[in-house]
Amino acid sequence: MLCVVYKSPKLDQTYLYVLRRDDFSAVPEALLKTFGTPQLVTLINLATKSKLAHADINKVKLQLTEQGFYLQLPPPPEDLLKAHKESLQHKE
């Protein structure tokens, strides 16, 4: 299964996977408006991959098959204050 990956010029670390180059027909108009003009990153053959760096490959394949696109959002920001408070509690 081939897919094409685009990055958002508006949203940091946000990527859009589609099945064919420059074919955004399956992507909702509102999403494209928020995403901005997609910038080509790479072409991936998912059949030869066992995992992806920042996305669940099975979820990517499923969403590409079912809805024609996959949106990869950035990971949530790390809450350093919460982690620090938890580490203090474990020391007590």
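Trainee: How do β1 and β2 pair, and over how many bridges?
Mentor: β1 and β2 are antiparallel, with four bridges between them. Strands (E, at least two residues) and helices (H or I, at least four) are DSSP runs, numbered from the N terminus. Two strands pair if DSSP finds at least two bridges between them.

Trainee: What kind of model is this, and how is it numbered?
Mentor: It is a predicted model, with residues numbered from 1 along each chain as its sequence is written, and local features need pLDDT of at least 70. Side-chain atom pairs count only at pLDDT 80 or more, while totals for chains, interfaces and linings use all residues; side-chain values use heavy atoms, without hydrogens and water.

Trainee: What is the mean pLDDT of the protein?
Mentor: The mean is 91, and 98% of the residues reach 70 or more. pLDDT is the predictor's confidence in each residue, from 0 to 100.

Trainee: Which element has the lowest mean pLDDT?
Mentor: Helix α3 (residues 80-91), at 76, whereas β2 has the highest at 97. Where pLDDT is low, the predicted coordinates should not be read in detail.

Trainee: Back to the strands. Which residues stand opposite V5?
Mentor: V5 faces T42 in β3 and Y17 in β2. β1 and β3 (residues 39-45) are antiparallel over six bridges. Also, V4 has V18 of β2 as its bridge partner.

Trainee: Which strand do four bridges join to β2, running antiparallel?
Mentor: That is β4, residues 69-72.

Trainee: Where is S8?
Mentor: S8 sits in the loop between β1 (2-7) and β2 (15-18).

Trainee: Is S8 buried or exposed, and why?
Mentor: S8 counts as buried because its relative accessibility is 8%. Buried means under 20% relative accessible area, exposed over 50%, and partly exposed in between (1.4 Å probe, protein chains only).

Trainee: What does the side chain of S8 reach?
Mentor: The backbone nitrogen of K10, at 3.1 Å. Leaving out residues up to four places away in sequence, S8 touches T14 and F35. Touching, or contact, means heavy atoms within 4.5 Å.

Trainee: And T14, where is that?
Mentor: T14 is in the loop between β1 and β2, and is buried at a relative accessible area of 4%. Beyond neighbours within four places in sequence, the contacts of T14 include S8, F35, L71 and Q72.

Trainee: New topic. Which residues make up the largest nonpolar core?
Mentor: There are eleven: C3, V5, Y17, I44, L46, L52, A55, I57, V60, L64 and Y70. β1 and α2 (57-67) are the elements that give two or more residues to this core, and α2 has the largest share, three residues. A nonpolar core is a set of buried Ala, Val, Leu, Ile, Met, Phe, Trp, Tyr and Cys residues joined through side-chain atoms within 4.5 Å.

Trainee: What is V60 in contact with, leaving aside neighbours within four places in sequence?
Mentor: Y17, L46, L52, A55 and Y70. Apart from that core lies another, of ten residues, including Y6, L16, V18 and F35.

Trainee: Which residues does UniProt list for "domain: YcgL"?
Mentor: The UniProt entry, which is unreviewed, lists residues 1-85. UniProt positions are given in the numbering used here, feature names are shortened, and annotations may be inferred rather than shown by experiment. Over residues 1-85 the chain is 28% helix and 25% strand, with the end C-alpha atoms 45 Å apart.

Methods:
Polar contact = N/O pair within 3.5 Å; in protein donor to acceptor, adjacent residues only side chain to side chain.
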